[in-house]
Amino acid sequence: MAISDVLSHRAFAQAPRRGAATRLLEDERWLAAVLLLPTVILLGLFIAYPFVEGVWLSVTDATVGVPGHFVGLANFTALLHDSIFLVAVRNTFVYTAVATVLKLALGLWLALLLNRHFRGKAFTRAFVLLPFIIPTVLSTFAWKWMFDPTFSVINWTLFQLGIIHGRINWLGDPSLALISVIIVNVWRGVPFYAISLLAGLQTINPELQEAAAIDGARPWQRFWHVTWPLLLPVTMVVVLFSVIQTFADFQLVYVLTGGGPANATQLFATYAYQIGVGTGLLSQGAAVSLAMFPFLLIIVVVQLLYIRRVEVH
Amino acid sequence: MARVILRNLNKFYDDVHAVKSVNLEIRDKEFVVLVGPSGCGKTTTLRMLAGLESISSGQVLIGDTVVNDLAPMDRDIAMVFQNYALYPHMSVYDNMAFGLKMRKVDRNDIRKRVQEAADILGIQDYLARKPRQLSGGQRQRVALGRAIVRHPQVFLFDEPLSNLDAKLRVQMRVELKKLHNRLNTTAVYVTHDQVEAMTLGDRVVVMRGGVVQQVGEPLELYNAPVNRFVAGFIGSPAMNFAPARLRDGAGKLHADASGFGLQLPADIAARLRPYTGREVIVGVRPEDLQVANGSYPPGLCFDAMVEVVERLGAEVLLDLQVGQHTMVASVEPGVAARRGDKLRFALKPERLHFFDASSEAAI
């Protein structure tokens, strides 16, 4: 009784004196603006402003403590002659391409397995997410320990199995370091692929598999002709997200190798950090990180166009 | 062209015995309908026949081959699914051609066969469209087309019409029948709709709780149901049932029920004589209840109160209160009955059904 009474009492009490603000908010244009405001402020403060500031920094000669003057594209032309930058570009592309292909392949395989019925399905699905849930820095430290030349559990296992006879210097060997870093990235990224693709798989009507089986398609043909085309839109979105994240990856490499040895694992983000924050050359650091932008833009545009084409058809 | 034999077929899901020792012989070119309420095991039986469900025990033969261990694709069957199961990313043409492509049929041959099926089904104009651009009825035709182009030994249908609206369903039902007459291929059809079963089936298999109740031609099921379940399931509106006690009175056998009593003619009496003094269930179809005129013998008439009048045009359904029972009578549209009227109804003794009260088997 009490609540309804109070409510009706209030409603009556407020009805006659509706203020100007209330009337203004009943106008949808104003209401829309008011509702959008928090988002606009957040995005502006944490994304638009740093981005614009970054663009500005990249065309000045600012260093830590020195405001700097406009220098045009001098920072960018300097990058073209910076051998470490060119190594970082090559590394970033190799890192992104290899990691994405591996993550997609393993994630898809895992998703197809998890899409079957078996005992403990729900538990296994939750368990698979673990690498994704653990904070990257923590899990990467664990990997660093596993890659340690002296204490590596991987080396120990391989040694006990009689596969190797010496020690493998996973992170110290320039030819192995990038591979090691890619392994960790794949380990961390596969759950995202697996769970997203699993969600995609579950939207596909299982009757289609049965129809295809009766139509004479073997398991591999059922996957290729039915499952894969229907999963493609989801796959493209997942790959899009993943490529952006992998391309701009920072913490994993920073914790494992810091870009070394001898820049063998230097990526866009780590190099930008090293120059901009480590050395204090803010403007050049901004130029390095902004150099990522055109590449990412091309990747995103191509993929979005492709997704749209798939969805229209 | 092939006959299909189910021999002692069983299906267990963990502890649930879903299909119980089903034996069935489907003749070559026959159209057999499995019908029953949901959960009766009809779809499971069909899926075992298709190879989509493993067989717990028993045998399935297609032609003269035991197909228990053959994959669906090797059984030479085609199936039409309830939800059509069309490949959404393929055009109508590709949907129909898919099975042939998988079997590496020559490309020109594929085109010829798809065109032929499209002509039969009247979907020539939609071959380039995607399934989602089609109406429910058109999708159903594509699903049929996909089955037809394969020229399989056996067609399997899993409630193919249940997603269509009532009018379209009647129309597709007729077309399916025509199609079967034209293609002359063995067909097994699952439905929960007894009207579909009666109209489509050369023979109908009524199932309940995983057990086959009766196999027979539609009219055989209608006229001579083997038990109360089949009697109640086949026919619409459903058969009326009333418990009655059999009593010997002055050499004649009487059935006394709440609200009416019958004096049974000699031939029926002879059949029911062993049940004298016991309870039986009397079954009478709504269309066998007729408003009495003077010429009916009083021993086969009873009075009833009209509670609801449903005028359907071609017939009138009367909901009646007879003693403690309600009954439905389907009478001529000319009968001018109103709610609350007391009418005298007559029974045709040869149209009465009697069932054992405990086993529910027909007597």
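This is a predicted model: local features need pLDDT of at least 70, side-chain atom pairs count only at pLDDT 80 or more; totals for chains, interfaces and linings use all residues.
Reader: Start with chain B. How many helices and strands are there in its secondary structure?
Author: Chain B comes to 9 helices and 20 strands.

Reader: What box do its C-alpha atoms fill?
Author: Roughly 80 × 45 × 35 Å, taken along the principal axes of chain B.

Reader: And what share of the residues of chain B is buried?
Author: Chain B has 363 residues, and 52% of them count as buried.

Reader: What about contacts in chain B between residues at least 6 apart in sequence: what percentage join residues at least 24 apart?
Author: For chain B that figure is 67%.

Reader: Which residues of α5(B) are buried?
Author: Met172(B), Arg173(B), Leu176(B), Leu179(B) and His180(B). They cover an arc of only 130 degrees around the axis, so they sit on the same side of α5(B).

Reader: Which residues are exposed on the other side of α5(B)?
Author: There you find Lys167(B), Lys178(B), Asn181(B) and Arg182(B).

Reader: Back to the buried ones. What do they pack against?
Author: Strands β3 (31-35), β7 (154-158) and β8 (186-191) of chain B are on the list. Helices α3 (107-121), α4 (136-148) and α6 (194-200) of chain B are on it too.

Reader: Which residue takes a positive phi just after α5(B)?
Author: Asn184(B), with a phi of about 55 degrees.

Reader: Let's stay with backbone angles. What is the phi of Ser21(B)?
Author: Ser21(B) has a positive phi of about 40 degrees, although this residue is not a glycine. Ser21(B) lies in strand β2 of chain B, residues 16-26.

Reader: Why does Ser21(B) count as partly exposed?
Author: Because its relative accessibility is 41%.

Reader: And His151(B), where is that found?
Author: In the loop between α4 and β7 of chain B. His151(B) also has a positive phi, about 50 degrees, and is not a glycine. With a relative accessible area of 47%, His151(B) is partly exposed.

Reader: Which residues does the cis peptide bond join, then?
Author: Ser236(B) and Pro237(B), with omega at about -5 degrees. Pro237(B) is in the loop between α8 (228-233) and β11 (240-249) of chain B.

Reader: One more in B. Is Leu219(B) buried or exposed?
Author: Leu219(B) counts as exposed, at 57% relative accessibility. This leucine is found in helix α7 of chain B, residues 218-223. Leu219(B) and Glu159(B) are 60 residues apart in sequence, and their C-alpha atoms are 22 Å apart in space.

Reader: Switch to chain A. At what angle do the axes of α5 and α10 cross?
Author: Roughly 40 degrees, and the axes come within 6 Å. In chain A, α5 is residues 83-114 and α10 is residues 174-202. The two helices are therefore oblique to each other. The crossing of α5(A) and α10(A) is right-handed.

Reader: How do α10(A) and α12(A) cross?
Author: At roughly 145 degrees, with the axes coming within 10 Å. Helix α12 of chain A is residues 219-247. The crossing of α10(A) and α12(A) is right-handed.

Reader: Which residues make the contact?
Author: From α10(A), they include Asn185(A), Phe192(A), Tyr193(A) and Leu197(A). From α12(A), they include Leu231(A), Val234(A), Val238(A) and Phe241(A).

Reader: Last topic. Where is Gly280(A)?
Author: Gly280(A) is in the loop between α14 (268-278) and α15 (282-312) of chain A. Just after α14(A), Gly280(A) takes a positive phi of about 90 degrees.

Reader: Buried or exposed?
Author: Gly280(A) counts as buried, at 10% relative accessibility.

Reader: What is Gly280(A) in contact with, leaving aside neighbours within four places in sequence?
Author: Thr63(A), Val64(A) and Ile275(A). Ile275(A) is also one of the buried residues of α14(A). Others buried in α14(A) include Phe268(A), Tyr271(A) and Gly276(A).

Notes
Residues are numbered from 1 along each chain as its sequence is written. Chains are lettered from A and ligands numbered from 1 in the order in which they are written. Side-chain values use heavy atoms; hydrogens and water are left out. Buried means under 20% relative accessible area, exposed over 50%, partly exposed in between (1.4 Å probe, protein chains only). Helices (H or I, at least four residues) and strands (E, at least two) are DSSP runs, numbered from the N terminus. The arc is that of the directions from the helix axis to the C-beta atoms. Contact means heavy atoms within 4.5 Å. Axes are lines fitted to C-alpha atoms, for helices over the stretch in contact, and angles run from 0 to 180 degrees between N-to-C directions. Angles under 35 degrees count as roughly parallel, over 145 as roughly antiparallel, 65 to 115 as roughly perpendicular and the rest as oblique. A crossing is left-handed if the near helix is turned anticlockwise from the far one by less than a right angle, and right-handed if clockwise.
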